[in-house]
Amino acid sequence: RPRQWLKNLLVFVPMLAGHQITMVAALDSLLAFVAFSLCASSAYLLNDALDATDDRIHPTKHTRPIAAGTLPIAVAMFASPLLAAMALLLCATFNPLLLAAVFLYFAATLCYSLYLKRILMIDIVTLAILYSMRILGGSAATGIEPSFWLLAFSFFIFLSLALLKRFSELFNLEQQGKVKTAGRGYTTADKGPVGIMGINSAFVSVLIFILYFESQNALLQYETPAWLAGIVPLLVFWLGRLWTLAYRGQVNEDPVLYVSRDRVSLTVFALCLALATAAAF
């Protein structure tokens with residue numbers, strides 16, 4: 001699923017957030033991107049092979065190659081460890097610290113695919129951690145230490161997106177007149193609390209960002225940190241809109257892919273980047 005590689009762009013965040021945009025850092029981040037992409041594809045092959053039975057009766061997932069029968073399970077099970085081995089070998093050749101980060105990421109995705117995705121709330125917390133581990137992978141590759149603020153902000157905003165993913169699945173399940181998700185620990189009765197937790201997590205991330213731009217870290221990194229204040233209403237607008245659309249059933253089951261095709265979201269990201277750039281000078 002190459003479209004899922006978009007999530008691995010997070011490995012570039014430490015370089016950007018640390019204002020250390022150099023050719024060396026960019027190449028190191030690119031190495032991390034390739035390694036995480038190989039590792040992610042390995043995990044998706046395994047996950048889809050294990051979920052093939054459930055996916056065949058799913059309204060959208062039945063089109064996945066393994067579930068649809070266009071990719072034999074035997075081929076997927078051969079390719080999965082091969083891609084993982086390529087990712088680990090690449091890291092071992094160039095960066096031992098990145099090797100450790102990618103190995104931990106792969107181990108966590110393996111645990112998720114085999115067991116954790118079936119446990120209520122554990123699956124969501126694991127997804128949020130896996131997002132944050134990509135940022136840590138970028139740090140391992142470049143040697144740029146992530147701040148507490150970055151890790152706290154990323155965890156809560158990705159926790160919100162993970163909850164939104166489950167909320168959308170439950171919304172669609174309810175529309176189909178079903179009660180329980182196949183292979184997951186949720187029922188449609190859980191849609192309410194999942195939505196509440198998701199919205200709360202979204203605005204906790206905004207609060208963390210507000211505290212950050214008044215922190216010593218921001219004062220040291222930015223010439224005019226006041227520009228960062230403009231990002232706050234943009235974040236509130238974007239997160240509020242995303243969750244409102246989710247409650248209307250207009251967000252598909254993968255919010256990251258939805259956002260990557262949503263012009264409003266892309267415009268908000270561009271404006272946030274422009275404000276962060278203005279704050280840096």
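Start by selecting S42, and show whatever surrounds it. Skipping its neighbours within four places in sequence, S42 is in contact with S80, P81, L83, A84 and F106, where contact means heavy atoms within 4.5 Å. S42 is buried, with a relative accessible area of 0%; buried means under 20% relative accessible area, exposed means over 50%, and partly exposed is in between (1.4 Å probe, protein chains only). Now widen the selection to residues 23-50: that is helix α2, where S42 is found. Helices (H or I, at least four residues) and strands (E, at least two) are DSSP runs, numbered from the N terminus.

A quick word on what you are looking at. This is a predicted model, in which local features need pLDDT of at least 70, side-chain atom pairs count only at pLDDT 80 or more, and totals for chains, interfaces and linings use all residues. Residues are numbered from 1 along each chain as its sequence is written, and side-chain values use heavy atoms, with hydrogens and water left out.

Next stop: select residues 122-142, which make up helix α7, and pick out L130 inside it. Is L130 buried or exposed? L130 is buried, at a relative accessible area of 6%. Which residues does L130 touch, leaving aside its neighbours within four places in sequence? They are Y105, A108 and T109.

Now colour by pLDDT, the predictor's confidence in each residue, from 0 to 100. The chain's mean is 91, and 99% of its residues reach 70 or more. Select residues 52-55 to see helix α3, the element with the lowest mean pLDDT (76), then residues 231-247 for helix α11, which has the highest (97).

Finally, zoom out and switch to cartoon. The C-alpha atoms fill a box of roughly 55 × 45 × 30 Å, taken along the principal axes. Of the 281 residues, 49% count as buried. For contacts between residues at least 6 apart in sequence, 70% join residues at least 24 apart.
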